[in-house]
Amino acid sequence: LLQKGLTMNEETTDAAFWSVVKAVDTAEKEDKPLSADVPQMLHHIFDADLAHLLTREQIRTNLTCMQPTESGLTTHGMNYIFDDSSHKDLPLEEGRRCEDGSCCDACSRNIFPTFATDAESDLNTFPEISSFTFNDLETVSSATILHFTRLVERVRRTMAHEYGLPLKSLLPLQAYSRKYVAGTTQQGGGGGEGDFVTLHTDEATHTGYHYSCVLYLSTAGVDFEGGDFVFNDPADKTEEDKNKSEDEEEEELELMGISLAEQIRRAGRKFTPYSPQRGAAVIFSSGWENMHEVEKITSGVRYAVPCFFTTCPVPDIAYDQMVAGKPKTNEDIADDWLHLLLAHREELPQESVGRVKELLMKWHYMCAPLDQH
């Protein structure tokens, strides 16, 4: 039907997705190789998903790319030490750092109010998606694994379209589900629970983060209170403001009954908050033009999917060192889907880490047809 020119509407695309889930479950049950038809159909689904998204609302704000001022600052020193309240005071200059990558010169922030449909973001249909990580897939349903991958690939294709990048130049470095719980403190890495996220720049957190996305699986005011995603920018100063000292600004805020910590946070800054809605996504360039934070959640639970993408190329030697290198046939692609992603097997921690590393390096080869490799 596709060869005859069928256009896949949203209903047809979802039907195709569930037929793929059925084919995968059948192959696993019968212990058979995955049909080459499965990744080929997924490629059609990914194409259709982007076409559908481009018909929906997008709110774009174009920005001047910013990076740290070079004088007196080292790359190593920039990586982590500014990830706190002093981050906003970092001296900046125009330009895109994009270390070792091939970013475009344009920077922006985008809100897609309906990046995923109600059905696609329904935690009753996909309950495992609220705690998903590629590292632990033994008991996760094929439907959830394929669905999560479908959403991440939709993000990747949206970024490539938005920033005019060759699709094969953009790879995910991290994508996982994050749970924010009121009254908790984050322990460990980015996937840990917590009730806020401090002001930061993604590219300062990891030099390979070049483009970022947050997809929301819950709604403010319904599932939780507080928890706005906030872009934190230098304020546009009027002539009157320019003549004010920091002490005068703080005095004004103090008269408004604002705490000292909040006075320091607000001084000289302009906040652009976004109140999360289930199915919405925020997509933006990861540089210092997009400093952001998550305000404290005062009640409830907030679910989101942060994704970070790089334009740093994978060296050919990395593929040469794999057991199975770059796929050369559709059957090779199907094998990669089965062994790297649909990993329903017990793994040691080091095996899981190695598999996910290979999965992310091979992402484009798995998610695009052979003629686009």
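Predicted model: local features only at pLDDT ≥ 70, side-chain atom pairs only at ≥ 80, totals over all residues.
Residues are numbered from 1 along each chain as its sequence is written. Local features need pLDDT of at least 70, side-chain atom pairs count only at pLDDT 80 or more, and totals for chains, interfaces and linings use all residues, while side-chain values use heavy atoms, leaving out hydrogens and water.

**Stop one: the cavity.** Select E10, D14, D49, H52, R56, T117, E120, R150 and R154, the lining of the largest cavity. Here a cavity is a set of points on a 1 Å grid over the protein atoms alone where a 1.4 Å probe fits but cannot get out, and lining residues have an atom within 4 Å of a point. Its volume, the space filled by probe spheres set on the points, is about 60 Å³. The lining has seven charged residues (Asp, Glu, Lys or Arg).

**Stop two: helix α4.** Now select residues 142–163, which make up α4; helices are DSSP runs (H or I) of at least four residues, numbered from the N terminus. Of its 22 residues, 21 are buried, meaning under 20% relative accessible area with a 1.4 Å probe, protein chains only. Just after α4, look for G164, with a positive phi of about 65°.

**Stop three: E203.** Move on to helix α5 (residues 202–205), where E203 is found. E203 is buried, at a relative accessible area of 2%. Show the side chain of R96 too: a polar contact of 2.8 Å joins it to that of E203. Such a contact pairs N or O atoms within 3.5 Å, one able to donate a hydrogen and the other to accept it. Finally, pick F308, 105 residues from E203 in sequence and 9.6 Å away in space, C-alpha to C-alpha.

Note on methods
1 Å grid on protein atoms, 1.4 Å probe; cavity = no way out; pocket = protein on both sides within 12 Å on 5 of 7 lines; lining within 4 Å. Helix = DSSP H or I, 4+ residues; strand = E, 2+ residues; numbered from the N terminus. Buried < 20%, exposed > 50% of the residue type's maximum accessible area, 1.4 Å probe, protein only.
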